[in-house]
Amino acid sequence: MEANVFQLIWFGLWGLLWAVYFMLDGFDLGAGILHPFIAKNDTERRMVINTLGPVWDGNEVWLVTAGGATFAAFPTTYAYMFSYLYTPLLIILFALIIRGVSFEFRGKKDSEGWKKGWDFAIFIGSLLPALLFGVAFGNIFQGLPIDAAGYHGNLFTLLNPYGILTGILFVCLFLVHASLWLSIKATGELRERAQKLAKKLWPVLLIVAVLFLVYTWFATKLYDNFFTAPVGLVIPILAVVALLLNYVFMNLSYVKAFYSSCVTILMVVFTGIYGLFPNLIPSSIDTAYSLTAINSSSSVYTLKIMTVVVAIFVPIVLIYQIWAYKVFSSPVTEEEIYDEEVEAY
Amino acid sequence: MDALMLARLQFAMTAMFHFIFVPLTLGLSVLIAIMETIYVKTGNETYLRMTKFWGKLFLINFAVGVVTGLTMEFQFGMNWAEYSKYVGDIFGAPLAIEATMAFFLESVFLGVWIFGWKKISKKAHAFAMWMVALGSNMSALWILIANAWMQHPVGYVLRNNRAELNDFAEVIFSPYAWLKFFHTVMGGYIVGAFFVMGVAAYHILRKNQLDFFKRSFKIAAIFGLIMSLGIAIIGDFHAKEVAKTQPSKMAAMETLWETQKSAPIYMFAWPDAENERNDFEFLAIPGLLSYMAHGDFNAEVTGLKDIPQNERPPVWPTFLSFRLMVFLGVIFIVLSLLAFIYSKKDTLEDKRWFLRLMLYAIPLPFIAAQVGWIVAEVGRQPWIVYGVMKTSDAVSKSVTSGQVWTSLIGFFIFYGILAVVDLSLLTKFSRKGPEPEKTA
């Protein structure tokens, strides 16, 4: 059976929403992981948090939208994805909950213990989602053990080598992304440290990325689509080019390097999505039980309505979200943090 | 307890917890936007200080509202997969629209508002708070459109082993949805108003920053009075819609067992569901239930005995919650009327008994909001989609009771910590009061 045009559009949009989410929340999750290590005192910790402050919540909404879009366009996939992956999603949820409040709560009391506690919440609330989203997608790429009797996996079966490697890949991508973000948004010694760290982390990312590309050949069927429709190869090629350019730009312009890192993350996700098509969640047992864009989608009527809605509202969102980023385009200075009128975190 | 019972308990608990913070966000965002607009228009620095003080409390509360909201989106898929599969074609769309239209708006503009004091003009900054208020209210609209569909499903057809949307306009323009929306957000506005009045009362009692808090009190009193009256009017229309579309819920709300014309409301009653009667009922006001339900003292109201036994909701929780909500609603009108009068006459400082009352009244609108939701959700049982799907058929099949125990206990612990921290921070900063006025 062939996918109708709306199923195709929504498969693409589904991928796009996840890709944009990882591109945006990637740097704030990465920064949350880095911040206990890269920031050497309270001022620097606050500096990291204040680069994230104005934008992290708007970034996280892309996750809510990706989940909501999965529900609206592919409700059967939404239902199975969230119930089969119950335990990892629960851990991700708790992590995002404590991260979400810690930005607001951290600065509210002057005690060291209080701040350390919320700093830990930021750290673990950033590390776990980064790692587990990678594990989740790695398992989706491999396929979940689904058959007529249902799902035969659990948290431990998800923590297989390929799943863990994908988790590590996501963490590495986000750490490089975050160090580049801090390289342009922080000031003083923190900025210099971030710039050096980006250069140190990049080779690690490169190695993990190569390992991932190789292992994907053996662990998944993702490459099949690239053979049957080689036009798609432009996506992973762009991913690799952008990844290499990251490093090149680090010696020229950290701003360009950050944008290149954005492209890298987008292209990595798109590569996975292109490889998955038409599956959203393949079955590793029997392809008859794979959840696809064709067998798990909403009716054409619903897909049409949703298409109109996103065609109107996503451009509007992009306009004001980009405007918001522009408002905060200058780096965070120490003065700003201590300026009472700014009311920084 | 099996996975179904645990999942129900968990949903009830997480939804009620989320709804502690949401109404305050709904109400305070509007009040703060009003205060900041007055500042921009008049240049009066007191209103800027008001914006910043109430804004600080708003932000503490907003953060918890956001994170507890994440749980709701995840939970439909995690614990109610059969439901999501069966009605997702209809239910998923308003949720996705909520994210694109509303969540982005409130989150992006709040980030700008928090950090943008020195980066954008005063007008743009006030505009940002209006966008936050608009975003939260639109968010309420879409989730309530979704919930209203569960209460009164329209615009769909049963096909391909599931419910499929065939008339989007019927869903989004459903009168049930809009009545529910106005009723719910007005509840939020009352929460916001009484919160401000209560905290202001605390400071007025201590003669601390009198001008600041009397101004705050006045704005909240006007807002609170309008909304207390409005919510009662809308509530009346809403009840009539419920009677029309959900007769089992209406019967439970008033513990009416026998279908009858000129049905009375008993001022005092208590259900005995096992024996299909009431333990006692006295002080009947004749015909009032018929009037409330159908606008006609002689109309026929369906009794629980005419609803099949396995389609009746739990009676005493629905009945008690409805009574408590209405009782509180009357109190809000009385209190906000007094608040308005004393504010206008500028006699607040002398009415110490009233100020103390307003301080202790802060929790009341929160309670009213919760019991209102109990009426809505418990009263809909045993249906998850009224007349279409039973709650017991909706739960995820692949999730074990062990997994739900884990998540339930996890929520207890995390939410417990959040509640303690949130309450302690709100108390601390409410007591502290605003930054002192800057002298030249």
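**Architecture of a predicted two-chain model**

The strands concerned, β4 (residues 265-272) and β5 (residues 277-285) of chain B, run antiparallel and are joined by 7 bridges; strands are taken as paired where DSSP finds at least two bridges between them. Helices (H or I, at least four residues) and strands (E, at least two) are DSSP runs numbered from the N terminus. The hairpin of β4(B) and β5(B) has 4 residues between its strands, and Glu276(B) adopts a positive phi near 55 degrees.

The structure is a predicted model, in which local features require pLDDT of at least 70 and side-chain atom pairs count only at pLDDT 80 or more, whereas totals for chains, interfaces and linings use all residues. Residues are numbered from 1 along each chain as its sequence is written, and chains are lettered from A and ligands numbered from 1 in the order in which they are written. The model scores ipTM 0.96 and pTM 0.96. For chain B the mean pLDDT (the predictor's confidence in each residue, from 0 to 100) is 96, and 99% of its residues reach 70 or more.

Chain A contains 14 helices and 4 strands, and its C-alpha trace spans about 60 × 40 × 35 Å along the principal axes. The radius of gyration of chain A is 20 Å, which agrees with the value near 20 Å for a compact globule of 345 residues; the radius is taken over C-alpha atoms, and the globule rule is 2.2 Å times the number of residues to the power 0.38. Of the 345 residues of chain A, 58% are buried, a class that requires 20 or more other C-beta atoms within 10 Å of the residue's own, with 12 or fewer defining exposed residues, values in between partly exposed ones, and C-beta atoms placed from the backbone. Two residues are in contact if their C-beta atoms, placed from the backbone, lie within 7 Å. Among contacts in chain A with a separation of 6 or more, 79% are between residues 24 or more positions apart.

Chain B comprises 13 helices and 8 strands. Its C-alpha trace extends about 75 × 50 × 40 Å along the principal axes. A compact globule of 440 residues would have a radius of gyration near 22 Å, and the 23 Å of chain B agrees with this. In chain B, 52% of the 440 residues count as buried. Of its contacts between residues at least 6 apart in sequence, 78% link residues at least 24 apart.

The interface brings 56 residues of chain A into contact with 54 residues of chain B. On the side of chain A that touches chain B, at least two residues each come from α3 (56-73), α4 (75-84), α5 (86-106), β2 (150-151) and α13 (300-327). The greatest contribution to this side is that of α13(A), with 13 residues. By class, the side of chain A that touches chain B holds 37 nonpolar, 14 polar and 5 charged residues; Ala, Val, Leu, Ile, Met, Phe, Trp, Tyr, Cys and Pro count as nonpolar, Asp, Glu, Lys and Arg as charged, and the others, Gly among them, as polar. Helix α4(A) is mostly covered, with 10 of its 10 residues buried; these include Pro75(A), Tyr78(A), Phe82(A) and Tyr84(A).

The largest nonpolar core has 281 residues, of which Leu31(B) and Met197(B) touch the most other members. Helix α3 (residues 81-115) of chain B gives the most to this core, with 23 residues. A nonpolar core is here a set of buried Ala, Val, Leu, Ile, Met, Phe, Trp, Tyr and Cys residues joined through C-beta atoms within 7 Å. Beyond its neighbours within four places in sequence, Met197(B) contacts Phe217(B), Ala220(B), Ala221(B), Gly224(B), Ala339(B) and Met358(B).

Two residues of helix α1 of chain B were examined individually. Met35(B) lies in this helix, α1 (residues 3-42) of chain B, and is buried because 27 other C-beta atoms lie within 10 Å. Apart from residues up to four places away in sequence, Met35(B) touches Tyr47(B), Met50(B), Thr51(B), Trp54(B) and Ile219(B). Met35(B) and Thr51(B) are 16 residues apart in sequence, with a C-alpha to C-alpha distance of 5.9 Å. Tyr39(B), also placed in helix α1 of chain B, is buried, with 21 other C-beta atoms within 10 Å. The contacts of Tyr39(B), leaving aside neighbours within four places in sequence, are Asn44(B), Tyr47(B), Leu48(B) and Thr51(B). The C-alpha atoms of Tyr39(B) and Thr51(B) are separated by 8.5 Å, the two residues being 12 residues apart along the chain.
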